[in-house]
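Have the sequence and the picture ready, and follow along.

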Amino acid sequence: MRFELRTLGPVLLVLLAGYLATTSYDSGIFSGFSSVSGAAVVAKDQCSADKTLFKISETKNAHAELATENNYNFAVCWDGQGSTNRKCDGKNAVLRLSADTNAHVEGPSQKTYSPEVCFGTMTCKLGEKNTCDALGPTYKCIASLSGYTNAHVAECGFYENDLCCSDGGPGAGQKKDTDGDGIWDDGDGKGIGNNYCNPASQDPQKKDLKICDDNCIDIKNADQKDSDNDGAGDACDDFKQDSCSIKKIDDNCPFRQDCKDLSAKWDVSSIVEGNPASLTVTGSTECSERMVFFKVFDSVNKQLVTIEPQPATFSKSTTTITASSQWTGEYYASSLNKYYFQATVTGGKAHIQLQSPSDKLLTVTKAPSAVCGNGIVEGSNNEECDDGNTNDTDDCSNTCKRKRYAGGRSCQDDPLCIPGAPATYMVCKSDVTQSYFCITGSGGCKQLSIPLPCGKVGGVQKICVKGADSCRSPTCSYNYPVTPCVNGQQQKQCVATPAGASHCSCAGYPQTISCQMPHEEEPFPVFTWGNVLVTILLLITFYTFRRGVRWKSR
């Protein structure tokens with residue numbers, strides 16, 4: 001049986017074209033073969049002074065000179081934002097010359113040559129040929145160098161080392177990058193904020209930093225880390241663990257809890273290390289009996305691990321109410337020792353976070369006569385612990401250093417504290433009328449808080465429920481369904497049984513919680529202009545070949 005592939009051949013080629021075009025553009029097969037050029041070597045009179053980076057003697061194998069010199073006929077001309085600022089600020093170096101003119105060059109990170117060529121807000125790096133794209137979508141090749149130092153200059157692509165630069169702004173045909181971190185303000189071209197970046201997301205549109213939107217437009221954060229998946233990167237998110245707060249309280253909470261009129265403050269402005277300072281949160285009467293969790297931060301070093309104050313409960317009152325705790329002042333020789341605190345209020349439709357005023361910080365000063373063995377941990381004396389003695393046989397040595405455990409840690413987490421659990425994760429013991437939470441203690445390890453009484457509701461004693469953020473009635477059962485994940489958030493519902501019982505309360509629900517978007521399967525390839533071009537080329541090849549050879553199968 002004969003079967004001519006006159007029809008089948010073109011069909012197969014069309015399908016192949018669809019696959020090749022879609023795959024190559026989506027997966028980046030064609031990306032990375034060449035660096036985008038951000039400058040052109042042109043005659044010097046064709047480049048304005050505010051865009052001339054430096055001048056060179058030839059287009060290849062050239063020497064270089066400063067832009068202000070006038071001995072060479074060619075200029076390396078930037079196609080981005082022009083600038084008259086040539087002052088070096090430690091961040092805007094383009095490259096270094098061995099002399100003002102007739103110079104060899106070296107990369108911006110080298111320290112051998114002088115003068116240094118600097119330009120506006122430029123950030124430049126020297127790397128291997130055709131690797132500028134890997135530094136970020138705003139990086140472009142401006143020249144190639146024969147080496148990292150003592151080098152000649154040429155157009156991009158001539159030598160094996162590309163000089164890659166970004167000014168944080170759009171060049172010809174480029175998008176805008178306000179903070180110059182290599183992430184477009186509007187990566188997908190559909191409007192800023194339409195598709196915020198998050199490398200940890202399961203959504204491929206948010207993971208791809210070349211097509212998503214910068215989640216901190218005004219602050220450099222090339223990693224685009226967004227711990228709570230709320231669309232604000234950690235670099236510009238004052239509340240990194242709360243998807244209901246971005247830059248101010250409740251600005252992303254569709255279900256604000258009733259507890260309102262909240263404020264937080266230190267009760268003193270200065271203490272000596274080792275002494276207590278009170279933290280107070282004030283709220284409306286609706287905050288009554290709700291729990292508050294505290295965390296203290298150094299005003300400069302946000303990563304400094306401090307001992308967390310004990311959680312507290314709002315008092316029960318018909319007027320303005322407060323929740324207070326204490327923090328023992330810590331002193332660090334390498335810090336300014338000025339502190340603020342954040343408070344998280346639970347028990348409502350969404351956790352609310354607030355912060356003590358940034359202009360009313362707590363200052364901790366060093367003790368005038370710090371000594372090991374006085375029962376006060378004094379950082380000015382490099383102490384890690386102080387149990388009031390100089391006994392070298394207990395967990396705190398005679399030099400006030402903590403005992404080391406397996407792995408080099410100076411402390412151990414309480415076994416009831418689950419690794420990675422949030423601060424609002426309730427822990428229970430045998431007396432279920434008391435609740436506990438895990439807070440950061442000495443040495444950075446998790447320890448149980450003081451017990452917080454569960455109280456009563458409708459005359460029924462509430463009990464501790466593991467994993468909850470508030471105590472529940474023992475005669476009730478609860479189910480917590482969640483809604484689908486939309487824009488990184490979902491609603492956690494509450495269904496209480498028996499329904500309608502006054503002591504079976506679902507107060508505080510639904511809650512807004514963070515989530516990750518489900519992974520979407522890649523769509524079947526669709527045709528674009530790229531497919532059309534590839535199809536035409538393949539069909540021309542097919543019919544040219546078919547004129548001389550007839551494909552057959554028996």
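Which residue in β14 is the bridge partner of Ala264? It's Val281. Keep in mind that this is a predicted model.

That pair belongs to a bigger picture. Strand β12 is joined to β14 (residues 276-283) by four bridges, and the two run antiparallel. Together with β17 they make an open sheet of three strands, in the order β12-β14-β17, with antiparallel pairing. On the edges you'll find β12 (263-266) and β17 (321-328), each pairing on one side only. From one strand to the next, the twist averages 20 degrees.

There's another sheet to look at. Its three strands come in the order β6-β5-β7, again open and with antiparallel pairing. Here β6 (105-106) and β7 (116-118) each have a single partner strand, so one side of each is left without a neighbour in the sheet. Strand β5 (residues 93-97) runs antiparallel to β7, and three bridges join them. Across from Leu95 you'll spot Val117 in β7.

| Strand pair | Bridges | Direction |
|---|---|---|
| β12 and β14 | four bridges | antiparallel |
| β5 and β7 | three bridges | antiparallel |

Now for a loop. Between α2 (204-207) and β12 sits Asp230. Is Asp230 buried or exposed? With a relative accessibility of 8%, Asp230 counts as buried, because the cut-off for buried is under 20%. Asp230 and Asn198 are 32 residues apart in sequence, and their C-alpha atoms are 9.4 Å apart in space.

Key. Residues numbered from 1 in each chain as written. Predicted model: local features only at pLDDT ≥ 70, side-chain atom pairs only at ≥ 80, totals over all residues. Heavy atoms only, no water. Pairing = 2+ DSSP bridges. Axes fitted to C-alpha atoms, helices over the stretch in contact; angles between N-to-C directions. Buried < 20%, exposed > 50% of the residue type's maximum accessible area, 1.4 Å probe, protein only.
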